[in-house]
Amino acid sequence: MKSLRTIALLLLLGAPWFPRPGASEPASSVSPATEPGEELLAGEATVFINPENLHNSFGHALGNLDPSRWHPLRDGKRVFLMNWVEPQADARAGDGLGPLFNANSCSFCHFKDGRGHPPEEGGAEIPVLVRLSVPGEDGASLPEPRYGWQLQDHGVKGVQREAKIIVHWEQIEGRYPDGEPYTLRRPRLDIQDLADGPLAPGTRTSIRTPPALHGMGLLEAIPDVAILALADPADANGDGISGRPNYVPDLRTGGKALGRFGWKANQPTLEQQNAMAFQEDMGITSDLLPTHACGPRQEPCLTAGHGGQPEAPLYELGRVTLYTRLLAVPARRDWQDPTVLRGKTLFRQAGCESCHHPRFETAAKAALPELSGQTIRPYTDLLLHDMGPELADGRPDFEADGNEWRTAPLWGLGLLKNVTKDARLLHDGRARGAEEAILWHGGEAEAARERFKNLSKADRAAFLRFLDSL
Amino acid sequence: MEWKNIKRLLAPAALMLALPGTVLAADCAEFEGIQHCAIGNARLSTTSAGLEVTGFRSSSDGVNIALPGATSWQMGTALKGNAAGNASLSVTAFASGSPNSNMMLQQNGQRFDISARFTGAAGGVKSVNGAKTAATTTGGTYSALVYNNGVLQGGVGNIPNGARAMYVNHGNINNPWDPEPWDPWNDPWWWPWWWWNDTGFGLVAQTGGCFHTLSSSAPIVFNMPDGRQLRGDRVELVEEVTGSGAYPYLSFDGIRVTGTVESVTITSETVRR
């Protein structure tokens, strides 16, 4: 029997339709075909969402979750949903908000574990952040001297908010080569009512919208070596795509580590990402970041009360971090649809996979075996790429320069609109869908964008159908 | 006294209780400290029996009940069906503005079908000969449990989402040995619905699964999917949650009651947060 199986395997390997390792074909000759398991974006951790429940697409537990982690996951969600309040005289769980903050809960920005509501014209209650920095002597970023790294647009009682943040939108008309018109919009940041005087000369600002949280644990489980294998900082292969790692401080180890979270890959772990969000977004201290984000001259902020030291004890930071690690990735929809398959081919032919890397194997994670050894399809390389002047914020972030952004994962892209209804893409939410996001691509991605623009209208639609299936 | 006769004696009293009272100027009203708003063609009015909802012309008419941060809710009811004997009542729970589960009562002459649909589950992945594929594309099962006077009488599990959990044959609604079926010519048309006097919804603290409840004013016979007949005065439809792939609901924000019944009178209401 064993020999029969061997013969069968050899016949299969020899069959002309079987793609042999290394036998790469030019993208244009790739025939529309499904690949085994391609709908399983997160391997065994994938979940198939009930079509009636797509509004909750991103909040499901890993499909292979060990039952023992169901209760810890729910504990983590409690912290995630908790509405933090100002420090109280009688210390209680959930007090410690502020003194300065942008939001009073994780879920305020990550609505239903998704991307949050988009900024609106002149809107006051918009979960966008404005990052600040001034250039240092060596070109690296330093915090704005009065306001720090981030503008907080809320303050607790007795502490004035730092500013009012308004985003205006400028419409930009364009046309595809075939004459089809399109409209883009560019944000114009309007910072009003600065509490402590004007921003320092040369201050760089950058609008940020919150990312969706599905699959974060799996991204964390990608081995460094697999990401670094895709890096080509000097574009040695001459394909016009570089891909650089961002090495950033790791507060747990005190050393440097590969950044993989955040729009510029400026955080190395989910724990640190969450601790930073606690500190900067909600004004809540943790053992990892034990001080409030007050500027050195913001006396009311510096002298305000606190809700414990730290305000988010280790177990609370741990709970919410576990929660974010255990969120599943929904399976693809319509992956066998001929139009979607056609779109997948066009996506490859345009060269998008050079950055939106489709496939990784996750490393062994002893503490969370569910995340281990999974074949995942996040469509990101987690590396930094020059995205051109239109998207540039001119604001370096550790080793990321002002033109560079981390490749955004595309898994779950088609479900964003189901979760938040008005999904917005790119770091500042300017793109009202995948098509606009593509049209904003520049720099290393300009050639891919032009290939997309030069497609026929039907092919562009197929391309977008593929993205919608992710 | 035979139950049939008791039913006829109680009928006028029940009708009086349900007589329309003052129609509220606004479509929203507070009852038992809880905000209620009519939707669609429905109207709210206060009566001596409670808060009455009328104007159910289509399945999108009814009442929204605001229950932010709730973990359980219970509503005493007086229900009236329609003359055609085909009324329905849907109780939908909402979390973060989206439907999270639903219980449906569908009358078809002398028969009531009871079903539920939950959203906490998701399909997983299975391996077949090394190839991984979807275990199910929708997922979701629930259990139907029957209680009598607080004592579990039995139940059936693994009922697919949306499938019927049980039915009640109105001809035997109280007495399974009563051979006389409901007579739409002689029995009041609203009568079959009058039995259902309480409904509720909540989250199971241990599992995070959701449950709907439905109670009757006296024990009745429930016909279960496995062919058993269970006699009881309360049913619980409980979402089965295993953890893997599930959605962790921690609370809900509101209830929407819709249907094609003649009226729903809310006689009491409690919420736990």
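Let's start inside chain A: leaving out residues up to four places away in sequence, Phe463(A) is in contact (heavy atoms within 4.5 Å) with Gly343(A), Leu346(A), Phe347(A), Ala350(A), Cys352(A), Ile438(A), Phe452(A) and Leu455(A). Keep in mind that this is a predicted model, where local features need pLDDT of at least 70, side-chain atom pairs count only at pLDDT 80 or more, and totals for chains, interfaces and linings use all residues. Residues are numbered from 1 along each chain as its sequence is written, chains are lettered from A in the order in which they are written, and side-chain values use heavy atoms, with hydrogens and water left out.

**The cores**

- Phe463(A) belongs to the largest nonpolar core, which has 95 residues. A nonpolar core is a set of buried Ala, Val, Leu, Ile, Met, Phe, Trp, Tyr and Cys residues joined through side-chain atoms within 4.5 Å, and buried means under 20% relative accessible area (1.4 Å probe, protein chains only).
- Trp84(A), Leu218(A), Phe278(A), Phe347(A), Trp411(A), Phe463(A) and Leu467(A) touch the most other members of this core.
- Helix α11 (residues 434-440) of chain A gives the core its largest share, five residues; helices here are DSSP runs (H or I, at least four residues), and strands are too (E, at least two), numbered from the N terminus.
- Apart from this core lies another one of 57 residues, including Ala70(B), Ala93(B), Leu105(B) and Ile114(B).

**A glycine to look up**

- Gly217(A) sits in helix α4 (residues 216-220) of chain A, and Gly217(A) is buried, with a relative accessible area of 1%.
- Beyond its neighbours within four places in sequence, Gly217(A) touches Leu270(A), Thr324(A), Arg325(A) and Leu371(A).
- Leu270(A) is 53 residues away from Gly217(A) along the chain, yet their C-alpha atoms are 7.7 Å apart.

**Where chain A meets chain B**

- Chain A puts 33 residues into the contact and chain B puts in 36 residues.
- Together they bury about 2500 Å², 56% of it on carbon and sulfur atoms; buried area is the accessible area (1.4 Å probe) that two parts lose on being put together, summed over both.
- Phe48(A), Trp70(A) and Arg74(A) supply 26% of the area that chain A buries against chain B, more than any other three residues.
- The rule finds 14 residue pairs in polar contact across this interface (both at pLDDT 80 or more). A polar contact is a pair of N or O atoms within 3.5 Å; within protein, one must be able to donate a hydrogen and the other to accept it, and residues adjacent in sequence count only if both atoms are side-chain atoms.
- α2(A) gives the most to the side of chain A that touches chain B, with seven residues.

Note on methods:
Buried < 20%, exposed > 50% of the residue type's maximum accessible area, 1.4 Å probe, protein only.
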